[in-house]
Amino acid sequence: YYIFNEALVNYMTLYNESDLNDAEILLRMGRCQKGKGNFESAIELLQRASQQKRDNAVILAELADCYSLINEERAAKVFFREAFFINPGQIELPFLEAPMILRLVNRIKKCGIDEPELFEWIPVYGTIFGLFNIKRELKPLELGKLKQSIYTLEKEIEQERNNKLVPRLINHYFWLIDHYLSSKEERIRIDEVLQKIKTLDPLIYEEYTH
């Protein structure tokens, strides 16, 4: 508690002396407040940080963690799903305390997957085990970016045989299927994506569809 308090005082001084509202300082201040058990204050700081860096996976994961620690499970699931979609590799697991994530990590490890690959598999198994179950329809710009990212990942895996990208591509497919379901697309489009998942990883396909 003392260490977090001292660090918070220093970060607040640095923040107040700066002409810029630095998202990184707000993130660190939020972590200090979380460490002290002041979760509501941490959420306020992390929300401000997120407004400045809207697609920052680290900030969103910390925000989700705080929501989980005050039993706001729905908000926690939403922000964890977004964070692990943006960039699983950026998220710093040692900082996370949410029971839902710690349980998920343990289950993935029991499947024989460990770091560093574990980070990429978290959103995949989070979907399969029902943790990342708060879905949303994508905006047109988001859908366009998702499809472009899928195309890029497919090409990289095909050309470089980079299996580390496989779970990230699978998670992108999951997001595309969720969008198709939300927007009531034709079933044939969903089946096309499911077939891609089956070709990429038959075991994940079976777990996802059953």
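Which side chain does arginine 136 meet in a salt bridge? The partner is glutamate 82, with 2.7 Å from N to O. A salt bridge here is a side-chain nitrogen of Lys or Arg within 4 Å of a carboxyl oxygen of Asp or Glu. The structure is a predicted model, so local features need pLDDT of at least 70 and side-chain atom pairs count only at pLDDT 80 or more, while totals for chains, interfaces and linings use all residues. Residues are numbered from 1 along each chain as its sequence is written, and side-chain values use heavy atoms, with hydrogens and water left out.

Back to that first pair. Arginine 136 sits in the loop between helix H7 (117-128) and helix H8 (140-160), and glutamate 82 sits in helix H5, so the bridge ties together parts that are 54 residues apart in sequence. Helices (H or I, at least four residues) are DSSP runs, numbered from the N terminus. Glutamate 82 counts as buried at 16% relative accessibility, whereas arginine 136, at 28%, is partly exposed. For these labels, buried means under 20% relative accessible area, exposed over 50%, and partly exposed in between (1.4 Å probe, protein chains only).

By the salt-bridge rule, the count comes to 13. Another of these pairs is arginine 31 with glutamate 92, whose closest N and O atoms are 2.7 Å apart. This one also links distant parts of the chain: arginine 31 is in helix H2 (residues 23-36), and glutamate 92 is in the loop between helix H5 (73-86) and helix H6 (99-110), 61 residues apart. Arginine 31 is buried at 12%, but glutamate 92 is partly exposed at 34%. Both belong to a network of salt bridges that links Arg31, Lys34, Glu62, Asp65 and Glu92.

Now for the nonpolar side. The largest nonpolar core has 65 residues, and those with the most contacts inside it are Phe80, Leu93, Ile101, Ile122 and Ile204. Such a core is a set of buried Ala, Val, Leu, Ile, Met, Phe, Trp, Tyr and Cys residues joined through side-chain atoms within 4.5 Å. Leaving aside neighbours within four places in sequence, leucine 93 is in contact (heavy atoms within 4.5 Å) with Phe84, Ile101, Val105, Leu118, Phe119 and Ile122.

Helix H9 (residues 166-182) is worth a look too. Of its 17 residues, 14 are buried, so H9 is largely enclosed by the rest of the structure.

Methods. Helix = DSSP H or I, 4+ residues; strand = E, 2+ residues; numbered from the N terminus. Expected span 1.5 Å × (residues − 1).
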